[in-house]
Amino acid sequence: LWGFFKKVIIADGLALFVDRIYADVSVGSGVSFVLATVLFSFQIFCDFSGYTDIAIGAAKVMGYDLMDNFRAPYLAKSIPEFWRRWHISLSSWFQDYLFTPLYYVFGKFKSLQKLSPQKKHLLAFSLSTIIGLSLLGLWHGANWTFLFFGLYHGFFIILYYLVRKKWDKLQGFVRVLFTFVISTFGWIFFRAES
């Protein structure tokens, strides 16, 4: 019932405003576009987590326990943490079957063997992240916007690990706020049609 509420009442209710603004961005103001983008963050969360809750509840009725798929992703303190909390089954599948194998393949490239272990790791990690997140974006649809969505998140994951020591010194609420802003801006690529 909670899943149905999130999907039908919250997500579908927010879609009325979001769809109108995104249908013709020239009609709205900057403020309405920002508001529509923030509301889309909650729309897509309630949509995806709503149908997941429906599946978890239906499985429970039949005696099966399914894993949680969303763990308060908008309270994440970094983009990597966001992806550990968002659509966990999909994210972990990409982690296990795409990112990790790519990382090991790139790590064995002869051209990387001459580098220091830190540089070798950074290059293998960066290539695996960019390819993995790009494919995760394209998994949602064969459109440039989904590719940019994946590249965008891949860039911020790499950036986080490059500035991690400084980032982790920020206050927790500041990291949550920045992570929410970064992830919300990324939804523009996911939602936009061009």
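Modeller: A nonpolar core is here a set of buried Ala, Val, Leu, Ile, Met, Phe, Trp, Tyr and Cys residues joined through side-chain atoms within 4.5 Å, where buried means under 20% relative accessible area with a 1.4 Å probe, protein chains only. The model is predicted, with local features needing pLDDT of at least 70 and side-chain atom pairs counting only at pLDDT 80 or more, while totals for chains, interfaces and linings use all residues. Residues are numbered from 1 along each chain as its sequence is written, and side-chain values use heavy atoms, with hydrogens and water left out.

The largest nonpolar core has 38 residues, and those with the most contacts inside it are I44, Y74, F82, W83, W86, W187 and F190. Two or more residues each come from α1 (2-23), α2 (30-61), α3 (79-85), α4 (88-107), α6 (117-139), α7 (144-167) and α8 (172-191), the helices being DSSP runs (H or I, at least four residues) numbered from the N terminus. Leaving aside residues up to four places away in sequence, F190 touches F40, I44, F48, H140, F146 and F149, a contact meaning heavy atoms within 4.5 Å.

Of the contacts between residues at least 6 apart in sequence, 62% join residues at least 24 apart. Along its principal axes, the C-alpha trace spans about 55 × 50 × 40 Å.

Note on methods. Buried means under 20% relative accessible area, exposed over 50%, partly exposed in between (1.4 Å probe, protein chains only).
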